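Biologist: I'm new to this one and would like a tour. Could you put it up on the screen first?

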Amino acid sequence: MASSPDVPSAGNTPENPGSDTPPEAANAAGSTAGGERRGRVRARRAAVMAVPATLIAAGLAVLTAQGALGVQFAISGMPFTVTATELNGTGFEQFGALDNMAEGSPNAGDTGGQVLVVTSAIKNATLTKLCQSVDLGGINLLITAGSGAEKVSATDLTTDSTVLSGNAEFNNIEIGNDASTLTKAGVKGPIGVFSQQADTVRIANLRQTNYATTAGVFKLPGLKLRFSDSGC
Amino acid sequence: MPDRPHRGPRLAFRGWRARRPFWGGLLLTLAGGEILLTEKASLKVVLHIGMQGLAGYLLPGLMVLLGLLILFNPSQRLFYSITGVLLSLGTWLTSNLGGFFLGLLLGVIGSCLAFGWLPDQEPRVSRRARRKRARAAARALTPDRAEGAA
């Protein structure tokens with residue numbers, strides 16, 4: 001199946017593992033044929049791998065769009081916006097932190113390369129009508145999901161944001177803990193920093209400008225990934 | 001692409017390139033790099049999240065490694081390219097939807113090119129020359145001209 005009929009039999013199997021294709025040998029082979037004998041991609045052979053790979057990739061995209069597969073995000077380096085009409089979460093922590101930019105980053109400006117951020121960590125969250133946009137310089141990469149009946153769900157969602165807005169509602173909130181003693185979402189902040197945590201959280205009309213990082217596993221039913229002129 | 005071989009380093013590079021799946025390995029390396037670029041999250045956060053977060057770095061890192069191995073150890077290209085295509089597909093789940101699809105696409109194309117590559121092939125014959133030869137053979141006219149095209 002993998003071999004095309006017009007392929008020399010010697011080329012059907014990889015060369016001896018020991019031989020490192022010495023240049024002298026290849027040059028000698030080239031000179032015997034009169035013209036130059038170069039390696040080449042055989043289309044049929046490449047298709048043997050390309051066809052199943054394409055099918056698997058399509059399958060992954062479909063399963064993700066149905067919310068059957070969770071995908072993981074870890075974006076950083078540029079600010080991006082996350083909006084959702086409603087966020088429900090269990091296990092919520094929030095504390096202040098200082099993010100350091102890379103040495104000599106052009107985004108540093110007069111801040112000395114440091115950004116004050118609010119780190120929010122949510123153990124389990126469901127979001128309705130999630131929209132996430134990254135400004136790639138003129139054009140926005142837009143990801144929307146969860147606009148249908150099924151909601152987006154995320155686990156171990158950790159975001160460092162500079163702006164966080166919405167109508168929030170907390171259950172069993174503890175305000176003023178030391179950030180290093182947090183327990184609700186499994187993330188611990190630096191010692192001596194103000195923090196708060198709650199058992200559950202509900203934020204309506206959530207809007208976040210995330211500066212540095214988010215990492216978590218998302219299930220994105222109704223996934224749509226596209227480029228757009230405007231962000232969320 | 002230069003058709004006429006030049007003397008010096010360019011000729012040497014051309015010869016080096018002819019002996020390995022150059023574009024396949026290069027694309028796979030670039031794909032891994034692109035995915036790593038899209039997730040410059042601080043490792044501290046990733047370590048909080050645990051092994052699942054670490055996989056987001058592991059897969060594209062291995063893609064870069066396999067791309068380089070395809071370039072510098074082409075005799076094992078079948079194993080590298082099959083592993084490479086599986087890793088590329090895996091990054092959809094672990095690393096920002098495969099570097100927002102771009103890295104996934106490059107990685108799969110690169111792996112397929114490396115898989116389909118064979119050493120020591122006949123020089124490429126352009127479609128026009130091939131058609132011309134076929135026509136000449138069909139008409140059974142001036143066989144010496146057909147030979148000249150080959």
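Predicted model: local features only at pLDDT ≥ 70, side-chain atom pairs only at ≥ 80, totals over all residues.

Modeller: Residues are numbered from 1 along each chain as its sequence is written, while chains are lettered from A and ligands numbered from 1 in the order in which they are written.

Biologist: Which pattern does chain B follow along the sequence?

Modeller: Helices here are DSSP runs of H or I with at least four residues, strands are runs of E with at least two, and both are numbered from the N terminus. Chain B has 9 helices and 1 strand. Read along the sequence, the pattern of chain B is α-α-α-α-α-α-α-β-α-α.

Biologist: What percentage of the 150 residues in chain B is buried?

Modeller: Buried means that 20 or more other C-beta atoms lie within 10 Å of a residue's own, exposed means 12 or fewer, and partly exposed is in between, with C-beta atoms placed from the backbone. By that count, the buried share of the 150 residues in chain B is 43%.

Biologist: Among contacts in chain B between residues at least 6 apart in sequence, what percentage joins residues at least 24 apart?

Modeller: A contact needs C-beta atoms, placed from the backbone, within 7 Å of each other. For chain B, among contacts between residues at least 6 apart in sequence, the share joining residues at least 24 apart is 73%.

Biologist: Is B:Ile70 buried or exposed?

Modeller: B:Ile70 sits in helix α4 (residues 51-72) of chain B. B:Ile70 has 30 other C-beta atoms within 10 Å, so it is buried.

Biologist: How many Å apart are B:Ile70 and B:Phe22, C-alpha to C-alpha?

Modeller: In sequence, 48 residues separate B:Ile70 and B:Phe22. In space, C-alpha to C-alpha, the distance between B:Ile70 and B:Phe22 is 8.0 Å.

Biologist: How are α2(A) and α7(B) oriented to each other?

Modeller: Axes are lines fitted to C-alpha atoms, for helices over the stretch in contact, and angles run from 0 to 180 degrees between N-to-C directions. The axes of helix α2 (residues 43-65) of chain A and helix α7 (residues 102-116) of chain B come within 7 Å and cross at roughly 150°. Angles under 35 degrees count as roughly parallel, over 145 as roughly antiparallel, 65 to 115 as roughly perpendicular and the rest as oblique. So α2(A) and α7(B) are roughly antiparallel.

Biologist: How many nonpolar residues are in that contact of α2(A) with α7(B)?

Modeller: The residues making the contact include A:Ala46, A:Met49 and A:Ala53 of α2(A) and B:Leu104, B:Val108 and B:Phe115 of α7(B). Ala, Val, Leu, Ile, Met, Phe, Trp, Tyr, Cys and Pro count as nonpolar, Asp, Glu, Lys and Arg as charged, and the others, Gly among them, as polar. In this contact, 2 residues are polar, 1 is charged, and the nonpolar ones number 11.

Biologist: Is the crossing of α2(B) and α7(B) left-handed or right-handed?

Modeller: Helix α2 (residues 22-38) of chain B and α7(B) have axes that come within 7 Å and cross at roughly 160°. A crossing is left-handed if the near helix is turned anticlockwise from the far one by less than a right angle, and right-handed if clockwise. For α2(B) and α7(B), the crossing is left-handed.

Biologist: How is α5(B) oriented to α7(B)?

Modeller: Helix α5 (residues 77-94) of chain B packs on α7(B) at an angle of about 165°, with the axes 8 Å apart. That makes the two, α5(B) and α7(B), roughly antiparallel.

Biologist: Over to strands: which residue of β6(A) is the bridge partner of A:Cys131?

Modeller: Strands pair if DSSP finds at least two bridges between them. Strand β5 (residues 130-135) and strand β6 (residues 140-145), in chain A, pair in the antiparallel sense over 6 bridges. They form a hairpin with 4 residues between them, and A:Gly137 in the turn has a positive phi of about 85°. In β6(A), the partner of A:Cys131 is A:Thr144.

Biologist: Is A:Asn205 buried or exposed?

Modeller: A:Asn205 is in strand β9 (residues 194-219) of chain A, and its phi is near 50°, a positive value in a residue other than glycine. With 12 C-beta neighbours inside 10 Å, A:Asn205 counts as exposed.

Key: Contact = placed C-beta atoms within 7 Å.
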